Amino acid sequence: MSDQTLKTTPLYEAHLAAGARMVPFAGYSMPVQYRDGVLKEHLWTRESAGLFDVSHMGQARLRGVSPLSAFEEVTPGDFIGLKPGKQRYSVLLNKKGGIIDDLMASRPDEDGLFVVVNGACKDNDFKVIDDELAGQVTIERLEDRALLALQGPKAAAVLAEHAPDAAKLAFMDAAALKAFGTDAIVSRSGYTGEDGYEISIPAAEAVRVWSALLADERVRPIGLGARDSLRLEAGLPLYGHDVDETVSPIEADLAFAVSKKRREARDFPGAARIAKELAEGVARKRVGLTVLAGAPAREGAEIADEAGNVIGVVTSGGFSPSLGKPIAMGFVPPAFAAPGVKLAVIVRGKAQPAEVTAMPFVPHRYVRKV
């Protein structure tokens with residue numbers, strides 16, 4: 001995609017002013033890093049508070065007579081039981097039980113369901129929802145809103161100065177509230193494994209809110225490079241890499257996204273496949289790997305057993321700034337999926353020793369009780 005056709009977020013000029021290096025991502029020109037570089041940005045988020053522009057993601061309101069029950073027709077989560085003020089992670093499924101996208105859906109207020117999907121998938125996601133739920137829900141795409149993520153152990157203290165009510169939220173809570181003098185939708189979760197928040201605000205207020213947060217010495221801007229290394233350490237999948245339409249939630253180690261009630265009802269797309277995988281097991285499973293020697297194993301690198309037989313493939317990989325060593329995720333047969341199993345990754349034609357490692361690689365620090 002040429003620079004001329006790339007979209008920009010409301011913060012594009014602010015990124016340039018902050019010294020960002022911009023790259024194409026999900027059809028947008030996005031900051032991959034700022035002046036400090038990926039390593040420092042990553043570690044800053046782990047020790048203080050990092051600010052991310054995620055305005056490329058798709059935000060929408062689903063409204064109708066029963067939007068919660070309707071949403072269960074395309075996802076395997078318990079949305080009828082989703083209480084006001086709560087958020088849930090889920091997956092949009094195709095008829096074969098493959099993952100069209102992963103998403104967050106919440107009830108920050110009484111105005112239907114607030115849904116956030118991945119930027120690269122948003123047009124197709126909303127088309128699928130519209131096609132499948134036509135006549136049941138209406139989709140209002142919130143193109144006039146920006147989305148920021150504030151992540152790190154000092155994020156709560158920083159945000160409390162601008163939105164005191166945000167401090168009352170716990171992990172996977174969401175609320176419509178006043179923040180920075182404007183109407184905001186705030187949730188407390190994150191893609192880094194750290195405590196943090198997502199802040200949806202009117203696009204016209206984005207630069208002002210961004211600047212207000214960066215005026216705090218505890219906050220620095222963080223680009224896509226550190227966002228990727230942080231989520232890898234947190235053991236979280238990236239859509240289009242670790243999961244896609246051929247991968248089921250069970251294979252992807254996302255079985256928690258299939259609620260107990262829905263497993264019993266088997267009333268969601270691909271339910272027969274997913275029920276069979278839950279009962280009989282899967283042919284492949286997403287696992288974490290620590291590369292014990294050599295260069296990082298990147299996406300596409302083959303995974304071999306100790307005898308040299310290729311048994312899987314790396315889907316995400318890189319150097320872990322927090323741990324000081326290469327880590328990766330990939331798919332292997334269940335017989336090789338237990339932590340401690342010795343394997344190898346093939347990097348530039350050379351076998352390097354690796355070991356299956358329990359995820360997350362770096363412990364999550366979500367705040368589950370306030």
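Glu72 is buried, at 6% relative accessibility (buried denotes under 20% relative accessible area, exposed over 50%, and partly exposed in between, with a 1.4 Å probe and protein chains only). The model is predicted, so that local features need pLDDT of at least 70 and side-chain atom pairs count only at pLDDT 80 or more, whereas totals for chains, interfaces and linings use all residues. Residues are numbered from 1 along each chain as its sequence is written, and side-chain values use heavy atoms, with hydrogens and water left out.

Glu72 forms a salt bridge with Lys261, with 3.6 Å between the closest N and O atoms (a salt bridge being a side-chain nitrogen of Lys or Arg within 4 Å of a carboxyl oxygen of Asp or Glu). Lys261 belongs to helix 8 (residues 260-265) and Glu72 to the loop between helix 3 (67-71) and strand 5 (87-93), so the pair ties together parts 189 residues apart in sequence. Helices (H or I, at least four residues) and strands (E, at least two) are DSSP runs numbered from the N terminus. Lys261 is partly exposed, at 38% relative accessibility.

A salt bridge also joins Arg63 and Asp111, whose closest N and O atoms are 2.6 Å apart. This pair links distant parts of the chain, 48 residues apart: Arg63 lies in strand 4 (residues 58-64), and Asp111 in the loop between strand 6 (99-106) and strand 7 (113-117). Arg63 is partly exposed, with a relative accessible area of 26%.

Thr138, in strand 8 (residues 137-141), is exposed at 51% relative accessible area. Beyond its neighbours within four places in sequence, Thr138 contacts Arg61, Leu62 and Arg63 (contact meaning heavy atoms within 4.5 Å).
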